Amino acid sequence: MIMHIRFSRRQAVIATTTALLSLSGTAALAQAGWPTKPITFVVPQAPGGANDVIARAVAQGLGTSLGEPVVVENRPGANGNLGTGQVARSAADGYTFLVTAQSAYTINPALYSKVPFDPIKDFTPVMQLAVAPYLLVVNPNFPAKSLDELVAYAKAHPGKVEYASAGNGTLNHLLGEMLKKQKGLNLLHVPYKGASAAATDVVAGQLPMTFGSFPGVMPFVTSGKLRVLGVAADQPTSLAPDIPVLGKGLAVTSWYGLFAPAGTPQPIVDKLYQAVQAVLATPEMAERFKTLGAERVDSNPQSFKAMLPGELAHWKQVVQDSGAHID
């Protein structure tokens, strides 16, 4: 009986070792051969927004680097839940990735009673791609030319000043709620299906104001189609140091991140990270990001993963304080 037990344990050790070697070999093959077909970056926001623009800039350089096309697929809907959930359910084979804005990933789990993904369990963080400040902008025909003038005008016209957002619970919506709370204003929120649509209607004069990401609205500011009142920060941004800050209570910086479905082989994650890092380090990409109004982040899979729990906890509190909720 003793010999039988020892033999069984030996068999178990051999079987376990064989399985580990097999998995190791599979991972090595994946690392060596990947990619062998086009890669898809799923963007869970509408075309034209900051996240879409950043994803396309990275995808273009990455396709050249990896030798396979990187296709950007927009899957907007439910404030980013639709596309994010799609990637969470995708095969972890290294051919589908998520490029998302901070709001969809860290705000939605607190905003919705139920989301089709778990931000911690369903994804493997690859890296942050960029950060970008948010700007408070108004139509040029709106009488306010500064934050103080906006506050005075809104208090003189309670319930009459509207602001556009990319949708309920999005970052620009929450910034509007934060402004209302901090300054004691009665502003009316008008949600759109995407940041680009919101900014476009402010440009057209349909609504007077919005908070927009630097990449999304700065081209309109430069062309004179929008007037900027301030940056949502407590320190001037290096991207436009002359823009006044809105102050500590409205200091928000949006980030854009790259994620793989959970279970994606680590060699593929590492190879993708290294390839993207190389693309972001090129002078061409640095200039492109500057033009877009975004800044590169010094990030890796480990540091990105470590920051996410704190981000989720922070925005859960902000959502609770705002009273925003979607069933």
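Rings of Phe, Tyr and Trp (its six-membered ring) are taken to pair if their centres lie within 6.5 Å. In this predicted model, ring pairs that meet this criterion link Tyr105, Phe117, Phe123, Trp255, Phe259 and Phe304 into a cluster. A search of the whole structure finds nine aromatic pairs. One of these is formed by Phe117 and Phe123, whose ring centres lie 6.2 Å apart with an angle of 70° between the planes, an edge-to-face arrangement. Phe117 has a relative accessibility of 6% and counts as buried because the cut-off for burial is under 20%. Phe123, with a relative accessible area of 4%, is likewise buried.

Phe259 and Phe304 also form an aromatic pair, in this case tilted, with 5.0 Å from centre to centre and 45° between the planes. This pair links distant parts of the chain: Phe259 belongs to strand 9 (residues 253–261) and Phe304 to helix 11 (residues 301–322), and the two residues are 45 residues apart. Both Phe259 and Phe304 are buried.

Strand 9, which carries Phe259, pairs with strand 3 in the antiparallel sense over four bridges. Within this pairing, Val99 has Leu258 of strand 9 as its bridge partner. Strand 3 also pairs with strand 1 (residues 39–43), here in the parallel sense and over three bridges. Thr40 has Thr96 of strand 3 as its bridge partner.

Strand 3 (residues 96–101) is largely enclosed by the rest of the structure, because six of its six residues are buried. The burial extends to both faces of the strand. Thr96, Leu98 and Thr100 are buried on one side, and Phe97, Val99 and Ala101 are buried on the other.

Lys37 lies over the face of Tyr95, at 4.7 Å from the ring centre.

Key. Residues numbered from 1 in each chain as written. Predicted model: local features only at pLDDT ≥ 70, side-chain atom pairs only at ≥ 80, totals over all residues. Heavy atoms only, no water. Phe/Tyr/Trp six-rings, centres within 6.5 Å; stacked < 30°, edge-to-face > 60°. Buried < 20%, exposed > 50% of the residue type's maximum accessible area, 1.4 Å probe, protein only. Lys NZ or Arg CZ within 6 Å of the ring centre and 35° of its normal. Pairing = 2+ DSSP bridges.
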